[in-house]
Amino acid sequence: MRLALRDLTAYTLEVREAHTKLNQNESPDDLPAELKRGIVEEALARPWNRYPDFESSTLRNALAREYGLAAENILTGNGSNELLAAAITAFVAPGTQVVMLRPSFTLYEKLTTIAGGVPRFIDADPASPLLPARDMIRLASTLDGPLVIACSPNNPTGGVLPAGALDALLGTGATVFLDRAYGDFAGDTLPPLHDRLVTFSTFSKAWGLAALRIGWLAATAATAREIRKVTLPYNLNVISEAAAVIALRNRAGRDETVARTIRERERAGRALAAMRSVEVFPSAANFIAFRIPDAHRTFEALCARGVLVRDISSYPGLAGCLRVSIGSAAENDAFLAAIEEVL
């Protein structure tokens with residue numbers, strides 16, 4: 001085993017059963033049954049003894065039409081995490097300086113370390129709705145050929161990059177990986193292509209297809225070709241590809257889910273903030289992080305009442321914090337009633 005890996009821990013999630021599951025930032029809405037039937041019929045029409053389309057051409061073309069790109073600008077994969085791993089493999093060599101926020105999605109640091117890169121952290125204040133772009137720009141400007149990884153809205157805090165920050169980061173000469181897994185809940189749009197920009201998106205959140213693991217990235221054709229060299233072959237099965245293509249035809253349903261989630265996020269945030277001893281952090285995502293006295297006890301007490309949230313108190317800068325995903329109105333009511341009872 002490589003010595004650099006011995007201090008790493010595996011990405012894990014404690015599995016618990018709960019009636020109200022609000023710990024993984026999933027969509028509260030499943031794909032409509034009629035669309036599911038269409039997916040199954042599409043899959044049944046395909047020979048299962050044959051490999052899927054080598055390039056996922058049907059989905060890439062559908063995404064290109066939806067987002068005003070060319071198919072050559074798009075790569076698809078088994079979740080956006082797989083594509084992030086491939087892109088880091090393509091861009092990060094031993095010693096590469098990689099600027100990232102702390103706290104943020106822990107996989108960024110893990111994949112950087114595996115590739116031999118050097119994580120350079122910028123602390124994000126969870127109480128601010130905006131991420132510390134100036135500090136990221138300042139640090140990137142001092143480094144030689146750095147990579148910047150930014151999740152906006154940031155998981156698990158919910159803050160977003162300020163207007164103009166992406167262009168400013170690119171202006172430093174850095175390569176930028178923008179993870180917009182939660183961008184739909186912030187009303188963002190896919191940024192224009194740039195030679196040093198790779199944008200990662202997912203069907204797991206707003207589109208409600210977490211079980212099928214579908215991600216995609218957008219980049220210039222030249223950049224996409226380089227990342228393609230390190231992706232695994234046949235990395236998207238026929239069922240997942242069919243599901244994504246059919247989901248794209250249901251944009252109105254996705255938009256309804258996003259709008260309802262935003263309304264529920266604001267309602268739940270106001271209710272939490274009104275509770276004694278709860279500090280609610282601003283969020284533009286489909287979750288809310290909050291600080292509470294004795295977070296671990298509160299987490300366990302919620303579990304005992306059938307409500308599962310995420311304990312993020314071990315993240316840097318988030319001592320005493322929990323994160324709750326925004327679910328359906330009934331699920332959010334169950335969470336609010338349970339935490340009020342615990343308090």
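This is a predicted model: local features need pLDDT of at least 70, side-chain atom pairs count only at pLDDT 80 or more; totals for chains, interfaces and linings use all residues.
Reader: Which hand does the crossing of H1 and H8 have, left or right?
Author: The crossing of H1 and H8 is right-handed. On the H1 side the contact is made by Leu35, Gly38, Ile39, Glu42 and Ala43. H8 brings Ile239, Ala242, Ala243 and Ile246.

Reader: How do the residues of the contact of H1 with H8 divide by class?
Author: Seven are nonpolar, one is polar and one is charged. Gly counts as polar and Glu as charged.

Reader: What makes H2 and H8 roughly parallel?
Author: Again, the angle. The axes of H2 and H8 cross at roughly 20 degrees and come within 9 Å. Angles under 35 degrees count as roughly parallel. H2 and H8 are therefore roughly parallel to each other.

Reader: Which residues meet where H2 passes H8?
Author: H2 passes H8 in a left-handed crossing. From H2 come Ser57, Thr58, Leu59, Ala62, Leu63 and Glu66. They meet Glu241, Ala244, Val245 and Leu248 in H8. By class, this contact has six nonpolar, two polar and two charged residues.

Reader: Why is asparagine 61 called partly exposed?
Author: Asparagine 61 lies in helix H2 (residues 57-67). Its relative accessible area is 35%. Buried would mean under 20%, and exposed over 50%. The value of 35% lies in between, so asparagine 61 is partly exposed.

Reader: How far is asparagine 61 from valine 245?
Author: Along the chain, 184 residues apart.

Reader: What makes threonine 298 count as buried?
Author: Threonine 298 lies in helix H10 (residues 295-304). Its relative accessibility is 0%. The cut-off for buried is under 20%, so threonine 298 counts as buried. Leaving aside neighbours within four places in sequence, threonine 298 is in contact with Ile292, Pro293, Leu322, Ile339 and Val342.

Reader: Leu322 belongs to E13. How is E13 known to be mostly covered?
Author: By its residues. Strand E13 (residues 321-325) has five of its five residues buried. Cys321, Arg323 and Ser325 point one way, Leu322 and Val324 the other.

Reader: Why do the side chains point in two directions?
Author: Because in a regular strand the side chains alternate between the two faces of the sheet.

Reader: Which strands pair with E13?
Author: Strand E10 (residues 287-291) pairs with E13 in the antiparallel sense over five bridges. Phenylalanine 290 stands opposite leucine 322 there. Strand E12 (residues 310-311) joins E13 by two bridges, also antiparallel. Its aspartate 311 has leucine 322 as bridge partner.

Reader: What makes E9 and E12 edge strands?
Author: The open sheet of four strands has the order E9-E10-E13-E12. E9 (279-280) and E12 each pair on one side only. E9 pairs with E10 over two bridges, in the antiparallel sense. Glutamate 279 stands opposite arginine 291 in E10.

Reader: Which helix packs on the sheet?
Author: Helix H9 (residues 251-273), touching E9 and E10. Its direction makes about 10 degrees with that of E10.

Definitions and conventions: Residues are numbered from 1 along each chain as its sequence is written. Side-chain values use heavy atoms; hydrogens and water are left out. A crossing is left-handed if the near helix is turned anticlockwise from the far one by less than a right angle, and right-handed if clockwise. Contact means heavy atoms within 4.5 Å. Buried means under 20% relative accessible area, exposed over 50%, partly exposed in between (1.4 Å probe, protein chains only). Two strands pair if DSSP finds at least two bridges between them. Axes are lines fitted to C-alpha atoms, for helices over the stretch in contact, and angles run from 0 to 180 degrees between N-to-C directions. Angles under 35 degrees count as roughly parallel, over 145 as roughly antiparallel, 65 to 115 as roughly perpendicular and the rest as oblique.
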